[in-house]
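Please look at the structure shown here before reading the report on it.

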Amino acid sequence: MADKNQKNIIALNQELMRIASIVANNEKEAALLIEETKKEAVNAIIPIKSERRLLKLLAKQVEKVPSAGQYYQVQNSFLNGLRKVDKQGRLLLILHYYKDYSIQKSARIIGYSEKEAKQMLMAALLQWTSSQTGADLQQLKQQLHSMLAYIDVEEPPEVKRPFQIKKLAPIITLLLFFFIGGAGSQALKAEAEVNPGIDILELYKESIKQEEALDDVRAAIETAGYQDVYFSVDSNAEYAYLDIEGKENEAKQEEIISFIEEEMQKRNLDFFLETNFYIPEESPQMEEVEMDEETEVSNEITEKIVNQLSEKIMGEFEINSDMFYPLWVNWSTVAWSIEIPEEIGKKQEAENITQAILNEYKDDRKLFVEEYRYKDHEQTYTWGNVIEYINSALASSENYTFKALFADPDDGVMKFDVKLYLLKTDKDAEVIAREVKRSITRFLETNEIKEITEDNPYEIIVRDNKNQEIDTD
């Protein structure tokens, strides 16, 4: 048990180092943030075993610790653009777009109301995206996730390899954009020593029951007539969170807490309850950002392009109403980029329509029209919760040195990339990798999951800490 706890602490520390390296302005400041956060963790009354509690401590230090040294430029325009955002804004962007926490959970971590966090996120996004003219927010999210997920930190010499990082958030807000390969839908050629692996389906069923219990508690809150009362749980951290908002609830706090505890007990939700009461402050309206002439004209052109392409080539294209609109129009100071579904088959027509509009405005920027598979995005939507449960199961397992899970559809095939905290040369690497692959495969081959994924094909690769593929055949 001591060895397990030690490994878990090391993994949490490594994730802390990754995030601090982006939040801080320089190495000296990052080291100071890490040192002060660890001091708080050591002195905590309740031992810090969950990632969320550690991030709360980091958020406090981000607010308290003064800047140390000068901001330094790096040979990375994306990172330099991110550092134009203040440190708290940076942390919020990381929590929401890398750790995939909801605005509500991110707000709790940084110690703000949900409303304040939304306003802070909006301001941070304005600063972040304005530094990269015409940049697509989707691409910026992808860069942030890619950068942090693949930062390697030095391993302590006394431990062979660290234990898993507990990734607590749904993989659907990871946006599923990494590239993978391998053979998954065919039978595994596992050696006799390989165990069947963890039962992800059982964890999936438990999670469904927990979600139903959560819905029941929330319904009970509404039936009881309580307003501005929000309840959620983090099963990995074994915490439940109760937010009570508004002056009208100030005198009812104890009553509401007792009510929630009783409802939790009825439904066997055995979590430590953390409560938070606050009265939202009236925030001043955000000042409108005055657009420069290029931005104003480009936005006008964008609207015209979208309207004409929607009318002339997208009109009869069938889309999933729960997903995004499938036409992308982006611009920069030197070029226009148009993306349409390849299923339409009208790339040249889209290019002609767009070029005519640009000629009308005497816009001589380069034009790029690309096609993408809309079916892949539909597949991402279909697989979202399935990937979430795989990620949660691997992260919570004591059997694997789990680091991260990435998934991306490619030409109709859902491709999984599982990264472990071990080295390809470790004597047990292939055994562990086969077990991980087998666990995922068993889950995906169940009737319950096939019904969700529509029995779409998939592939699985397991990689070591240096991103080298581990043999699982």
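Predicted model: local features only at pLDDT ≥ 70, side-chain atom pairs only at ≥ 80, totals over all residues.

Residues are numbered from 1 along each chain as its sequence is written, and side-chain values use heavy atoms, with hydrogens and water left out.

Helices (H or I, at least four residues) and strands (E, at least two) are DSSP runs, numbered from the N terminus. Three strands form an open sheet in the order 7-8-9 with mixed pairing, where two strands pair if DSSP finds at least two bridges between them. Strand 7 (402-410) and strand 9 (458-463) are the edge strands, each pairing on one side only. Strand 7 and strand 8 (residues 413-420) pair in the antiparallel sense over eight bridges.

Angles run from 0 to 180 degrees between N-to-C directions, and axes are lines fitted to C-alpha atoms, for helices over the stretch in contact; contact means heavy atoms within 4.5 Å.

| Helix | Strand | Angle |
|---|---|---|
| Helix 13 | Strand 7 | about 165° |
| Helix 14 | Strand 9 | about 155° |

The axes of helix 9 (residues 200-223) and helix 13 (residues 374-396) come within 10 Å and cross at roughly 110°. Because 65 to 115 degrees counts as roughly perpendicular, helix 9 and helix 13 are therefore roughly perpendicular to each other.

Definitions and conventions: Parallel < 35°, antiparallel > 145°, perpendicular 65-115°, else oblique.
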